[in-house]
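Dear colleague,

I am handing over the structure below, and after it you will find notes on what turned up when I went through it. Please read them with the structure open beside you.

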Amino acid sequence: MQTILRSHYLDVLKVLKGKNLIKVATGVRRSGKSTLMSQFQDVLRAENKAVSIIDINIDRPDFRFLAEKSWKEVYDYIVEQLKNDVTNYVFIDEVQNVKEFEKLLEGLYVHPNIDLYVTGSNAFLLSSELATLLTGRAFEIHVLPFSFAEYISFTGKSNNLDRAFAAYIETGGFPEAVRLSADGNQFTLDYLQMVFNTIFRNDISARQSIYSEESYLEVVNFLIDSIGSNVSAANIANTLKANKKPIDNKTVSRYIASLVESYLFYRVKRYDIKGKQHLATQEKYYLVDLGFRHALLGKELLSDAGHLLENVIYLELKRRNFQIWIGKTNNLEVDFVIRTKEGFTQYIQVAQTVQNPTTLARELAPLNSISDHHEKWLITMDFDTGTYNGIKKINAIDWLIGK
């Protein structure tokens, strides 16, 4: 089966190898966490054919018996497999299926001969007990579905990048969805609906009290339909009430929190550029994978193309490990204020096209209102590039593939 090396994440794991940390892969279900760990095991074997690797996936039939054991019995089972006087690389997939798994991880972490790598469902990774346990002991590798560059590498659709980008927005980047689509399989949308339902059943409703599944899904649909727009629990509740689907603000807030915790959506807060302070209102939400939009709402690409591009840019910024905010400058808004790993600030405005002079002026206005000397970018799908008063206009596809 064809796979794509998740080079970005593998590079992080290579740096962390042997460090006294639990390496924890987080991210939405089916984004490729297990495959990433398998690829890293191949890296370890390539470096040393005699390497000691203990790979346990509690969901696999040959390891499912461990789910019936106590954490101490699982710990003893793993310790029995260890080789003496060498580093043993222990990988545990879906460890939340072990009872009191927190104690298991703590015990393995302090073992002198173990380098520990863990993945699991988001519900387990977000438990307060585990968060307390792992403080200062773990490094999170947040795994997203395929980037556009990875999508191109997998599908080989490099001859017409604009057409490939349109397909990417519709299909999304879940590896199996991309594989089904590349094979011409008509079940891509069915697969994405199944992934969403699995997340809802296992990572959300198993942890949250959902009073009305119908109302919950209405909140999901509202957020999907409001990508790139300022939203609040109050305006969602008011809209649903107007459509005779009553729900209160607190319930909406709780539902949104569960969607963020399960990594279906990412919350981005606002930042006052001139006042240099974070703001607590009018956040934006971005969808983890745009394939869900087509699968759940049935919307076509041409509908709201600018905000879909904004969603793609946001996810790529997150992949590149930037800190991200929505910028406020006077009464204008900058799509993204980012801070790089080196501590540099950049301002980014995203638009589908600025060929119309009025549109160009509107998109440049927020950037022109900022008086500092940080870099400013205007990212569009236009082929032409250029510079406007120090603001660099670049093509979105070129930026996404690292040109």
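In helix α8, Phe165, Tyr168 and Ile169 meet Leu308, Leu309, Val312 and Arg319 of helix α15, where contact means heavy atoms within 4.5 Å. Helices here are DSSP runs of H or I with at least four residues, strands are runs of E with at least two, and both are numbered from the N terminus. The axes of α8 (residues 161–171) and α15 (residues 305–319) come within 11 Å and cross at roughly 85°, the axes being lines fitted to C-alpha atoms over the stretch in contact, with angles from 0 to 180 degrees between N-to-C directions. That makes α8 roughly perpendicular to α15, a term used for 65 to 115 degrees.

This is a predicted model, in which local features need pLDDT of at least 70 and side-chain atom pairs pLDDT 80 or more, while totals for chains, interfaces and linings use all residues. Residues are numbered from 1 along each chain as its sequence is written, and side-chain values use heavy atoms, without hydrogens and water.

Turning to strand β10 (residues 345–350), which contains glutamine 346, we find that this glutamine is buried, with a relative accessible area of 16%, buried being under 20% with a 1.4 Å probe and protein chains only. Leaving aside neighbours within four places in sequence, the contacts of glutamine 346 include Phe336, Thr340 and Trp377.

Lastly, the buried residues of helix α12 (residues 233–242) are Ala233, Ile236, Ala237 and Leu240, and what covers them includes α11 (213–225) and α13 (249–261).

How values were computed
Buried < 20%, exposed > 50% of the residue type's maximum accessible area, 1.4 Å probe, protein only. Parallel < 35°, antiparallel > 145°, perpendicular 65-115°, else oblique.
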